[in-house]
Amino acid sequence: MSITHNITKYIQSLPPGVKLVAVSKTKSNEEIMEAYHAGQRIFGENKVQELVQKWETLPKDIEWHFIGHLQSNKVKYIAPFIAMIHAVDSVKLLNVIQEEGRRLDRKIPCLLQFHIAEEETKFGFSPSEFSQLFEPKDAAQLDHIRFSGVMGMATFTDNDQVINREFSDLHRLFEKLKTTHFSERTDFSEISMGMSHDYNLAIQNGSTFVRIGSAIFGDRNNLT
Ligand SMILES: *Cc1c(COP(=O)(O)O)cnc(C)c1O
């Protein structure tokens, strides 16, 4: 199926309140422009250098979302234009984003990445670690960060029960944080979960951003 066909299908079938992040990592400007002409405006990338090149050369009304692990020393390259950082996974990174936001006089939208999967390799805060590291008053001090919500990845498995449990854990955590750490932040409203193979389960569990790559653009010919 063509990119145009796939984008049209998602735009028409995602329920209201669920936004599509078209994950365009490793894909060419031509492929991105095909999705753009089909009406897509939110694109997700996970490498800073690749993202900056695409931002420089593609239309300026694209909303770029950074979906990968972000190194603190690279925040400065994307801070001026990034629409959402999906995977903030350390207090150190929060502090660096705050500093860049202050310098640019910008409030940078961020999602906190939580470790919900069984797999050990994924990045992200564990819920207990987060409440030890980060108190409600800390959120108030980070006034150049827009705390927009949470992000997570489920275990890569065919077992729907496992995926369901992990996504519902993340939803529950989101609801809890909304009443504790982020009770003053009305824009704490997004849950980024669900990829090509599990986005339906994510939507059933309250996802507001699905991050879909291969089901739109086809398989990536490398391992990123
Ligand atoms: C690559 C990637 C996706 C998209 O994965 P697909 O299986 O191609 O849909 C989603 N989220 C993150 C964090 C990714 O790195």
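**Exercise 1: a loop residue**

Lys-107 sits in the loop between α5 and β5; find out how accessible Lys-107 is and how far its C-alpha atom is from that of Met-151.

*Solution.* A quick word on the model: it is predicted, with local features needing pLDDT of at least 70 and side-chain atom pairs counting only at pLDDT 80 or more, while totals for chains, interfaces and linings use all residues. Residues are numbered from 1 along each chain as its sequence is written, and side-chain values use heavy atoms, leaving out hydrogens and water.

Step 1: Lys-107 has 37% relative accessibility, so it counts as partly exposed. That class lies between buried (under 20% relative accessible area) and exposed (over 50%), with a 1.4 Å probe and protein chains only.
Step 2: Lys-107 and Met-151 are 44 residues apart along the chain, and 19 Å separates their C-alpha atoms.

**Exercise 2: positive phi**

Look at Thr-26 and Asp-105: what is the phi of each, and where does each residue lie?

*Solution.* Step 1: some background is that most residues other than glycine have a negative phi.
Step 1: Thr-26 has a positive phi, near 70°. You'll find Thr-26 in the loop between β1 (19–23) and α2 (29–37), and its 29% relative accessibility makes it partly exposed.
Step 2: Asp-105 also has a positive phi, near 55°. Asp-105 belongs to the loop between α5 (91–104) and β5, and with a relative accessible area of 65% it is exposed.

**Exercise 3: aromatic rings**

How many aromatic pairs does the structure hold, and how are the rings of Phe-114 and Phe-125 arranged?

*Solution.* Step 1: the count is twelve aromatic pairs. Rings of Phe, Tyr and Trp (its six-membered ring) pair if their centres lie within 6.5 Å; planes under 30 degrees apart are stacked, over 60 edge-to-face, and the rest tilted.
Step 1: for Phe-114 and Phe-125, the ring centres are 6.0 Å apart and the planes stand at 45°, so this pair is tilted.
Step 2: Phe-114 is in strand β5 (residues 108–114), while Phe-125 is in the loop between β5 and α6 (127–133), so the pair ties together parts eleven residues apart in sequence.
Step 3: both Phe-114 and Phe-125 are buried. They belong to one aromatic cluster, along with Phe-130, Phe-134, Phe-147, Phe-174, Phe-182 and Phe-188.
Step 4: Ser-148 is in strand β6 (residues 145–152) and is buried, at 4% relative accessibility.

**Exercise 4: charges over rings**

Which ring does the charged end of Lys-19 sit over, and which one does Lys-60 lie over?

*Solution.* Step 1: the test is that NZ of Lys or CZ of Arg is within 6 Å of the ring centre and within 35 degrees of the ring normal.
Step 1: Lys-19 has its charged end over the ring of Phe-209, 4.6 Å from the centre.
Step 2: Lys-60 lies over the face of Trp-55, 5.0 Å from the ring centre.

**Exercise 5: the ligand**

Which residues surround the ligand, and how much of its accessible area does the protein cover?

*Solution.* Step 1: residues around the ligand (a heavy atom within 4 Å) include Val-23, Lys-25, Ile-67, Met-151, Arg-211 and Arg-220.
Step 1: sorted by class, this shell has six nonpolar, three polar and three charged residues.
Step 2: a backbone N or O atom of Gly-213 is 2.8 Å from a ligand oxygen atom. A backbone N or O atom of Ser-214 is likewise 2.8 Å from an oxygen atom of the ligand, and a side-chain N or O atom of Arg-220 lies 2.8 Å from one.
Step 3: on its own, the ligand has 390 Å² of accessible area (Shrake-Rupley method, 1.4 Å probe), and the protein covers 91% of this.
Step 4: Ser-214 is in helix α10 (residues 214–217) and is partly exposed, at 26% relative accessible area.

Technical notes: Helix = DSSP H or I, 4+ residues; strand = E, 2+ residues; numbered from the N terminus. Polar contact = N/O pair within 3.5 Å; in protein donor to acceptor, adjacent residues only side chain to side chain. Nonpolar A, V, L, I, M, F, W, Y, C, P; charged D, E, K, R; others polar.
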